[in-house]
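Good morning, and thank you for making the time.

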Amino acid sequence: MAAAEGVVVIKGRRVHVREGDLILSHDKSLMAEILGPFNSNWSHVTTIIAHEGRLRSFSCYMRDGLVIEDLEVYNSDYFTRFAIVRPYPPRTAEQTLRLRLGVAEVLRAHADNPTDAYDPGIMECVHALFRMQPWSNDRYICSELAARLAQAAGAWPEHLTLSVKVDDVARAVGIVEEIY
């Protein structure tokens with residue numbers, strides 16, 4: 001079972017994307033301005049998944065909880081930075097299957113209330129900042145969800161906690177290709 005892959009046009013540039021890639025972004029929000037200095041000027045990370053026959057972005061947001069979005073959302077002028085993180089070494093077919101099962105498990109666990117997946121307090125963020133063990137096992141911040149999915153795929157360093165910052169998860173997963 002090979003990873004789904006394709007091309008998406010992001011701000012006029014054709015970008016090859018693959019299931020399991022990560023997206024790093026920064027936007028014009030106040031929260032992004034607060035988080036950016038702690039994360040190499042990135043404020044959000046998402047995982048690219050295959051969903052309903054398309055490649056989409058899967059993450060956890062403060063107000064919305066778990067969210068699956070079309071990749072074209074990043075064409076908005078609201079976003080000021082965008083990069084793709086390519087897993088290195090490249091994922092195997094088995095790891096892609098394990099990623100899909102990890103996504104399904106997270107969605108199933110929060111099917112009744114997807115907004116419950118985001119930790120509304122600051123403890124997950126504090127734990128990520130200091131690279132401590134996660135505050136909870138079923139509530140996430142964006143970087144922690146991306147790390148959990150990489151772990152589900154069998155592509156997360158054993159010595160590293162899942163409670164990490166945005167730039168930490170990017171370094172742990174692969175190679176960053178900045179698009180804009």
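Helices here are DSSP runs of H or I with at least four residues, strands are E runs of at least two, and both are numbered from the N terminus. In total there are five helices and eight strands. The radius of gyration is 15 Å, close to the 16 Å that the globule rule gives for 180 residues, so the chain is as compact as a globular protein of that length. That radius is taken over C-alpha atoms, and the rule is 2.2 Å times the number of residues to the power 0.38. Along the principal axes, the C-alpha atoms fill a box of roughly 40 × 35 × 35 Å.

A word on provenance. This is a predicted model, in which local features need pLDDT of at least 70 and side-chain atom pairs count only at pLDDT 80 or more, while totals for chains, interfaces and linings use all residues. Residues are numbered from 1 along each chain as its sequence is written, and side-chain values use heavy atoms, with hydrogens and water left out.

Let me turn to the sheet. Six strands form an open sheet in the order β6-β5-β4-β3-β7-β8, with antiparallel pairing; two strands pair if DSSP finds at least two bridges between them. Which strands stand at the edges? They are β6 (65–70) and β8 (174–178), each with a single partner strand, so one side of each is left without a neighbour in the sheet. From one strand to the next, the twist averages 30°. Within this sheet, β3 (residues 22–27) and β4 (residues 44–51) pair in the antiparallel sense over four bridges, and Ile-23 stands opposite Thr-46 in β4.

Now the helices. Helix α5 (residues 166–173) lies across β3, β4, β7 (79–87) and β8, and runs at about 115° to β8. Axes are lines fitted to C-alpha atoms, for helices over the stretch in contact, and angles run from 0 to 180 degrees between N-to-C directions. The axes of α4 and α5 come within 8 Å and cross at roughly 20°. That makes α4 roughly parallel to α5, a label for angles under 35 degrees; over 145 counts as roughly antiparallel, 65 to 115 as roughly perpendicular and the rest as oblique. Cys-142, Ser-143, Ala-146, Ala-147 and Ala-150 in α4 meet Val-166, Val-169 and Val-173 in α5, where contact means heavy atoms within 4.5 Å.

Helix α4 (residues 142–152) also packs with α2 (residues 93–109), at an angle of about 135° and with the axes 7 Å apart. That makes α2 oblique to α4. On the α2 side the contact is made by Arg-98, Leu-99, Gly-102, Val-103 and Val-106, and on the α4 side by Leu-145, Leu-149, Gln-151 and Ala-152.

Strands β1 (residues 5–10) and β2 (residues 13–18) pair in the antiparallel sense over six bridges, with Arg-18 as the bridge partner of Glu-5. Their hairpin has two residues between the strands, and there Lys-11 takes a positive phi near 50°. The second detail is the peptide bond from Tyr-88 to Pro-89, which is cis, with omega near 0°. Pro-89 is found in the loop between β7 and α2.
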